[in-house]
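I opened the notebook to record what I looked up, entry by entry, and in what order.

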Amino acid sequence: MTESILNPTELTEDLIATYETVIGLEVHCQLLTESKLFAQDLNRFGAEPNTNIGPLTLALPGTLPKLNKKAVEYAVRMGLALGCSISRRTIFDRKNYFYPDLPKGYQISQDKKPICENGGITISVKGNDGKLYEKYIRFHHIHLEEDAGKSVHDGSDTDTLLDYNRAGTPLVEMVSEPDLRSAEETGAFVTEIRRLVRYLDISDGNMEEGSLRCDVNVSLRKKGETKLGTKVEVKNMNSIRNMMRAINFETRRQISMLENGETIQQETRMFDVDSGKTYGMRVKETMNDYRYFPDPDLSPVVISEQWLSDITDAMPALPQALREKFTKVYGVPVYDALVLTDTKEMAEYFEAVCAKTSAYKAASNWLMGSVKSYVNEHDGNIESFPISAQILAELIELTETNVISNSIATQKIFPILLNEPKRSPKEIATTNNWLQNSNTNELESLVDEVIASMPDKVAAYRKGKKGLLGLFVGEIMKKSNGAADPKMVNQLLAEKL
């Protein structure tokens, strides 16, 4: 196939703006079960090659698959979280084509009756104007299937090694409708999916290890048209950043071809990380001939009302519901709510702090500022943050009631608590003489002293240089060792100046 030469300088933004990118995703998510989907072999990442395998994984003669009930429960959890309809009776099918890394030579999947259908997810995306907008992305279905093993080339041009550890790992494949329109929307979509599976505790969502990976279908059409263009599939994207790069490249490549009068073929492509370009792997037929048929070794799966009710009752609070709660109940801005619900652990910590103080916005500021900075500099996990919600709430209360200044809290007490998290913030402030001074007589003396020492600055201030007020405040705070009440200082300065 001859490709048009893509020169980005030849595609103006005005030309690109006349086209619409249409994107649909197939998201593969490995499930965190102890064992595989149809065998008792361990489901663990990182083991020595071909150690988590047994007769069933190797498809030895006489072996029969047995369905992992927990994997079905996890798939239902995902479906409920996305508002899908749950199939009460579903079957497994054999998907036939040669898999060198699946010893059976076929894959057990679901075709005609997937476990979950329809549903969708709301994403938040930053628009060109810098403002956040929300968009609902629909799903076609979610089905359960077993993962394939891994082919390892190990630098050889002729030899392929096979690691069957991953073969049979349970995964859900989530197929979206073609509702996405940009790399940014697609990145937000996969980010939200990854966040959701972690909230549900059904997957670690680790894209680097292959726990979450995507096939991206990209097509182009002129804006205003309703007919879909020919789609090109970019396989096995295991990085959100690279997935967005691949979409942007495909958009420009396909526009270039269409403008040159070339025909876009339905094909499967791969993405080269170093060059930032996609390249052809194989041309796809209009329809794959997988010769699906019901697996005769597996009985239909019946999900009773009681089982579905039990799974529903055990569902955790999900990101979207928590964002609404944080904005409506705690009154924090939408952006704060997005950051605070980034992980389930961060959201739980925020709620624990809010249970001990009514200064919700101050709590949000602390978590998005000093706390998040510390967490990012360490292991990135709030669970290992040393200061308890109770102690942080006490520190927040001290600043909100003007017992200590915010600068003393953040610059002096907070670092001490990181090393001595069991200490009382008030005890630390008292011991170090950091309690805020609101004594009018003492503060008035300090104000008079600073004003007397800076007659030229006072004259300049009175002539209109109001920005000098900060200089006076800073000098007074320095002389008081940070203990002066800033509000009282500003009030006294305003009166005397």
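**Ground rules.** I worked on a predicted model, in which local features need pLDDT of at least 70 and side-chain atom pairs count only at pLDDT 80 or more, while totals for chains, interfaces and linings use all residues. Residues are numbered from 1 along each chain as its sequence is written, and side-chain values use heavy atoms, with hydrogens and water left out.

**Helix α2.** I took helices as DSSP runs (H or I, at least four residues), numbered from the N terminus. From its first C-alpha to its last, α2 reaches 19 Å with 13 residues, close to the 18 Å expected at 1.5 Å a residue, where the expected span is 1.5 Å times one less than the number of residues. I then checked burial (buried is under 20% relative accessible area, exposed over 50%, partly exposed in between, with a 1.4 Å probe and protein chains only). α2 is mostly covered, with ten of its 13 residues buried; among them are A71, Y74, M78 and G79.

**α2 against α5.** I found helix α2 (residues 69-81) packed with helix α5 (residues 305-313) at an angle of about 65°, their axes 10 Å apart. Axes here are lines fitted to C-alpha atoms, for helices over the stretch in contact, and angles run from 0 to 180 degrees between N-to-C directions. The crossing of α2 past α5 is right-handed, that is, the near helix is turned clockwise from the far one by less than a right angle, anticlockwise being left-handed. With contact taken as heavy atoms within 4.5 Å, K69, V72, E73, V76, R77 and L80 of α2 meet W307, L308, I311 and T312 of α5. By class, this contact of α2 with α5 holds six nonpolar, one polar and three charged residues; Ala, Val, Leu, Ile, Met, Phe, Trp, Tyr, Cys and Pro count as nonpolar, Asp, Glu, Lys and Arg as charged, and the others, Gly among them, as polar.

**α9 against α11.** I read an angle of about 35° for α9 and α11, with their axes 12 Å apart, and a right-handed crossing. W366, S370, V371 and Y374 in α9 meet N406, A409, T410, F414 and L418 in α11. The contact of α9 with α11 has six nonpolar, three polar and no charged residues.

**Helix α10.** The twelve residues of helix α10 (residues 389-400) should span 16 Å at 1.5 Å a residue, and its end C-alpha atoms are 16 Å apart, which agrees. I noted I391, L392, L395 and L398 among the buried residues of α10, and the buried residues pack against α8 (344-354), α9 (360-377), α11 (406-419) and α12 (425-431). Just after α10, N402 takes a positive phi of about 60°.

**Cysteines.** How many disulfides does a search of the whole structure find? The search finds zero, a disulfide being a pair of cysteine sulfur atoms within 2.5 Å. The sulfur of C116 is 5.2 Å from the closest cysteine sulfur, in C84, and is therefore too far for a bond. I count C84 as buried because its relative accessibility is 10%, and C116 is buried too, with a relative accessible area of 0%.

**R252.** I placed R252 in helix α4 (residues 240-259), where R252 counts as partly exposed at 22% relative accessibility. The C-alpha atoms of R252 and G205, 47 residues apart along the chain, are separated by 30 Å.

Technical notes
Helices (H or I, at least four residues) and strands (E, at least two) are DSSP runs, numbered from the N terminus.
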